[in-house]
Amino acid sequence: MIMENVNNSSGMNTESNTHDVLDSDQITNDESWKNKSRHIFIFSSAGKPVYSRYGCEDELVTLFGVMQALVSFVQDNDDAIEAIFFGNKLLVFLIKGPIILVAVSRNKESVKFLVKQLMYVYNQVVSVLTLTRVTRIFEQRLNYDLRRLLAGSERLIDHLLTFTENQPEFLLDGISCLPLSSAVRESISQAIISTCSKIKNLVFAILIANDKLITLIHMKKYVIKPSDLHLIINMVSSFESFKTAESWTPICLPNFDSSGYLHGHVSYLTEECQACLLLLTVDADLFHELSEAKKKITEKLQRNQSINVISNVISNPVLTMNNVNISTVRHFLYKCKKSSHILAPPMPPPYDTPENSIELLQHYQILHSAMKDGSSNLRLIFQQFKTEVMLGYVTEKFELYVTLDPLISKASSTDAVDKLIRWIQKEEDKFFIPHVPNF
Amino acid sequence: MKTIEGKVVVLGAQGVGKTSLVVRYIGKMFSHHISPTIGASFFTCNINVDDTRVRLQVWDTAGQERFRSMAPMYYRNANAALLVFDITQPTSFASIKSWVKELQRNVEEPLVLCVVGNKTDLESQRKVTREEAEQYAISIAATYFESSALNDCGIEDVFLCCASGMITLSQDKLVKTLRVTPLNQEREGSRTHLHQVPTNEKPPLCC
């Protein structure tokens, strides 16, 4: 059920009621709280607060009560509430069994985009607790306070939300790779494969740095989806504590197996080389074997010098728009469809401020949803924005979104895009991993 | 000379300073901005006590409630447990007691138990008295220590107690999980702490 205007439907008057409740709460009266561009709330079907992105959940109990009432009011009619539009704001609901998630946005995103963001948040909760555990808890006690088990994990959700709002990886369902020559990347993969191929039950070996993928090796038949990889990267970058010592960490990958944990040996290669190696297994007793394997991998990488190459790339980013050097092209996002690997250079001026970069990303989002969400199968889109022209181009092989100078003609924009595609194809080996090796 | 290799598990509520204690001892540093442990972290260190080298495999566990159900994985086959609480948080002291009950139920072999009251740098906000904690420690046959990871105070003694306790355990025929081997070669890469066996059995005083 989608409501266009809440206060015109039969006796609901939700908008005015909501305002009355808001007025009675101190925090919801707070201007800076009200003006946040996007609120995210999680609560249980019994109405117990689980998470609020801003402000303490306890101070928002009445608000949670209202949201829960909205959900159950619609449920009583054997329907499910999806979204409410009011003024310039949009409320989106996602109901996942005993857990209800709500996004309140004033950014003019599509319902689909916000549902996807809520789905990520839900997957983060599952990743921390497993679906089996969440289900069991609420079966046993419907009014359980899930905050007990999520204590300390709020930062994972906070960090993930920032990621979904600031990084093109989320929009494009893709993974950025650390730029490396294919020979170096191959030698890194080989060092891991030759060390780990005999270890039973090792499912994934993942090496990441700067939130980018260096290599990923998987057990035959098992693949890892970009959204699960996003959760792994989110975990690594949310917790500095992984840098202190080797960790043995349970993690559930919702798209791989939401019912149970994988056990992860998590460690950084060396103090000098801040690349994080994750060895994920289904065997809880494998820690010492994986710890030995990690030592051997590091030794091999030191011997073949690739560890120095990695450190260099981490400290001196290779990819900037200056390297691309096509004067009318200001910025672009490229996704290789087969591998889901993406190429997204850092945003150059004037897009390098937080506000401008988020605005540009929103423009990409508009372009992306115009091409993906519509029923028509658009292949090419040319759109004029206030300060730039943007072009989207989708083929069998790739998706490309380009930001161009505002006064460019259609003809010269396609020329520039052709040039850009040639540049990307020339550099392909460095920015993408052509085939994902297995053990 | 011989070596004894044993497993130490560090348990306690969230935020009592488990990681800070271990990192202070092994890494010789302290950070105010340490992030919560996820799952457990693994450290090793060597302590020489007279003619015995004790190699401690330290499992620094996460205090968050969600990892509670995973704790057996970390304390299984442990030879020593450090039960850490925050002297300014009575609930963290209560949580020690439930850990001890869980260990008593689930660990078959004898364990060296050390109760550690951390954060003595916050003496003015103390809520758990030394007497109360000491008495509890005696009741479970543990040794009581007070420490400050911030001021690097009282921590050496905790680990030394683990090491010398393990030497005693190694003479117990019931103990099968401790690995005792004659020492052949120096292992590289892990720090060795030189110590004398303490002659004074009283818990050391902390600043």
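**Exercise 1. Partners of strand 1 in chain B**

Task: In this predicted model, determine in which sense strand 1 and strand 3 of chain B pair, and over how many bridges. Then find which other strands of chain B are joined to strand 1.

Solution: 
- Step 1. Strand 3 of chain B covers residues 52-61, and its pairing with strand 1 is parallel, with nine bridges. One position to check is B:Val10, which stands opposite B:Asp60 of strand 3.
- Step 2. Strand 4 (residues 80-86) of chain B also runs parallel to strand 1, and five bridges join the two. Here B:Val10 faces B:Leu82 of strand 4.
- Step 3. Strand 7 (residues 179-182) of chain B pairs with strand 1 in the antiparallel sense, over four bridges. Within this pairing, B:Thr3 is opposite B:Thr181.

**Exercise 2. Burial of strand 1**

Task: Decide how many residues of strand 1 of chain B are buried.

Solution: 
- Step 1. The cut-off for buried is under 20% relative accessible area.
- Step 2. Strand 1 spans residues 2-12 of chain B, and 10 of its 11 residues are buried, which leaves the strand mostly covered.

**Exercise 3. Extent of the interface between chain B and chain A**

Task: State how many residues each chain brings to the contact, and which three residues of chain B supply more of its buried area than any other three.

Solution: 
- Step 1. Chain B contributes 22 residues and chain A contributes 27 residues.
- Step 2. About 2,000 Å² is buried between the two chains, with 59% of this area from carbon and sulfur atoms.
- Step 3. On the side of chain B, 32% of the area buried against chain A comes from B:Ile38, B:Phe42 and B:Arg66, more than any other three residues supply.

**Exercise 4. Polar pairs and secondary structure at the interface**

Task: Count the salt bridges between chain B and chain A, and identify which element of chain B gives the largest share of the side that touches chain A.

Solution: 
- Step 1. There are two salt bridges between the chains. One of them links the side chains of B:Glu65 and A:Arg148, at 3.3 Å from N to O.
- Step 2. Strand 2 (40-49), strand 3 and helix 2 (71-75) of chain B each give at least two residues to the side touching chain A. The largest share, four residues, belongs to strand 2.
- Step 3. Sorted by class, that side of chain B holds 11 nonpolar, eight polar and three charged residues.

How values were computed:
Residues are numbered from 1 along each chain as its sequence is written. Chains are lettered from A and ligands numbered from 1 in the order in which they are written. This is a predicted model: local features need pLDDT of at least 70, side-chain atom pairs count only at pLDDT 80 or more; totals for chains, interfaces and linings use all residues. Side-chain values use heavy atoms; hydrogens and water are left out. Buried means under 20% relative accessible area, exposed over 50%, partly exposed in between (1.4 Å probe, protein chains only). Two strands pair if DSSP finds at least two bridges between them. Contact means heavy atoms within 4.5 Å. Buried area is the accessible area (1.4 Å probe) that two parts lose on being put together, summed over both. A salt bridge is a side-chain nitrogen of Lys or Arg within 4 Å of a carboxyl oxygen of Asp or Glu. Ala, Val, Leu, Ile, Met, Phe, Trp, Tyr, Cys and Pro count as nonpolar, Asp, Glu, Lys and Arg as charged, and the others, Gly among them, as polar.
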